Amino acid sequence: MEGVKLIATTQSLFCTRIEWALKLKGVEYEYIEEDLRNKSPILLKYNPVHKKVPVLVHDDRAIAESLVILEYIDETWKEHPLLPQDSYDRAIARFWAKFADEKVVFGAWRACTAAEGEEKETAIESALESLAYLEKQIEGKKFFGGEEIGYLDLALGWIPHWLNTMEEAGGMKLLEAERFPSLHEWGHNFIQIPLIKEYLPPREKLVNYLNASLTYLRSLSANKP
């Protein structure tokens with residue numbers, strides 16, 4: 001068997017998408033849980049630049065950054081293709097995946113962590129604007145990948161689970177069924193897939209993690225001169 005290791009952490013949406021891809025491809029791998037508060041020698045060895053998870057190690061060669069890892073997995077193991085075959089469609093899938101990571105993930109996080117008042121309202125409006133673009137992309141489709149889940153579904157697969165916990169922790173609502181019906185339906189269908197559901201981190205664990213992060217951030221803000 002080819003040596004495959006995944007250095008990851010349960011709470012990270014960027015890590016879970018890699019587990020989904022490996023399972024879809026039928027790749028056997030060793031899972032190494034990382035404690036980001038006390039970074040391990042193996043993480044520092046294989047990702048000395050960013051010192052972040054996920055890191056995929058294949059035959060002792062390391063690949064970092066989750067979207068890069070997804071593409072590597074798709075190119076290395078041919079079963080269940082993730083990216084579209086057409087070059088234009090592949091480029092579009094990459095564009096929206098990058099958009100979601102840069103605008104939707106961090107937009108939702110900003111809305112979650114923003115102080116009540118104008119700052120929070122502005123952050124929420126920005127996050128809603130980004131979600132509206134994704135709503136247009138999924139209209140009339142079962143999955144972003146068509147009839148089967150693909151690269152973009154895995155890249156956006158955090159939305160129906162992680163976003164819900166961000167909403168709870170941040171005391172807000174972003175993904176309303178009335179406003180984003182197609183995105184809401186896609187999310188429901190996506191997390192009902194047995195393989196996807198099996199590797200979702202426990203919701204309570206995510207909520208506790210987010211609440212602890214918010215408490216820490218607020219304490220830093222309170223201690224600023």
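**Notes on the aromatic cluster, cysteines and helix packing**

1. Start with the rings: Trp20, Phe144, Trp162, Trp186 and Phe190 come together as one aromatic cluster. Rings of Phe, Tyr and Trp (taking its six-membered ring) pair if their centres lie within 6.5 Å, with planes under 30 degrees apart called stacked, over 60 edge-to-face and the rest tilted. Across the whole structure, the search turns up nine aromatic pairs.

2. A word on the model before going further. It is a predicted model, with local features needing pLDDT of at least 70 and side-chain atom pairs counting only at pLDDT 80 or more, while totals for chains, interfaces and linings use all residues. Residues are numbered from 1 along each chain as its sequence is written, and side-chain values use heavy atoms, with hydrogens and water left out.

3. Now one pair in detail. The ring centres of Trp20 and Phe190 are 5.2 Å apart and their planes sit at 80°, so this pair is edge-to-face. It links distant parts of the chain, as Trp20 is in helix α1 (residues 13-25) and Phe190 in helix α8 (residues 181-192), 170 residues apart. Helices here are DSSP runs (H or I, at least four residues), numbered from the N terminus. Both Trp20 and Phe190 are buried, meaning under 20% relative accessible area with a 1.4 Å probe and protein chains only (exposed is over 50%, partly exposed in between).

4. Tyr72 and Trp77 make another edge-to-face pair, at 6.4 Å centre to centre and 85° between the planes. Trp77 is buried, with 11% relative accessible area.

5. How many disulfides are there? The count comes to zero, taking a disulfide as a pair of cysteine sulfur atoms within 2.5 Å. For Cys15, the nearest cysteine sulfur belongs to Cys112 and is 19 Å away. Cys15 is buried at 2% relative accessible area, and Cys112 is buried too, at 0%.

6. Next, helix packing. The axes of α1 and helix α3 (residues 66-76) come within 9 Å and cross at roughly 5°; axes are lines fitted to C-alpha atoms, for helices over the stretch in contact, and angles run from 0 to 180 degrees between N-to-C directions. That makes α1 roughly parallel to α3, where angles under 35 degrees count as roughly parallel, over 145 as roughly antiparallel, 65 to 115 as roughly perpendicular and the rest as oblique. Phe14, Arg17, Ile18, Ala21, Leu22 and Lys25 of α1 meet Ser66, Leu67, Ile69, Leu70, Ile73 and Asp74 of α3, with contact meaning heavy atoms within 4.5 Å. By class there are eight nonpolar, one polar and three charged residues in this contact. Ala, Val, Leu, Ile, Met, Phe, Trp, Tyr, Cys and Pro count as nonpolar, Asp, Glu, Lys and Arg as charged, and the others, Gly among them, as polar.

7. Helix α5 (residues 118-138) meets α8 at another angle: their axes come within 8 Å and cross at roughly 75°. That makes α5 roughly perpendicular to α8. The contact brings Leu131, Leu134, Glu135 and Ile138 of α5 up against Pro181, Ser182, Leu183 and Trp186 of α8. Six of these residues are nonpolar, one is polar and one is charged.

8. Last, Ala100 in helix α4 (residues 87-113). Ala100 is buried, at 1% relative accessible area. Setting aside neighbours within four places in sequence, Ala100 is in contact with Val105 and Leu156.

Key:
Helices (H or I, at least four residues) and strands (E, at least two) are DSSP runs, numbered from the N terminus.
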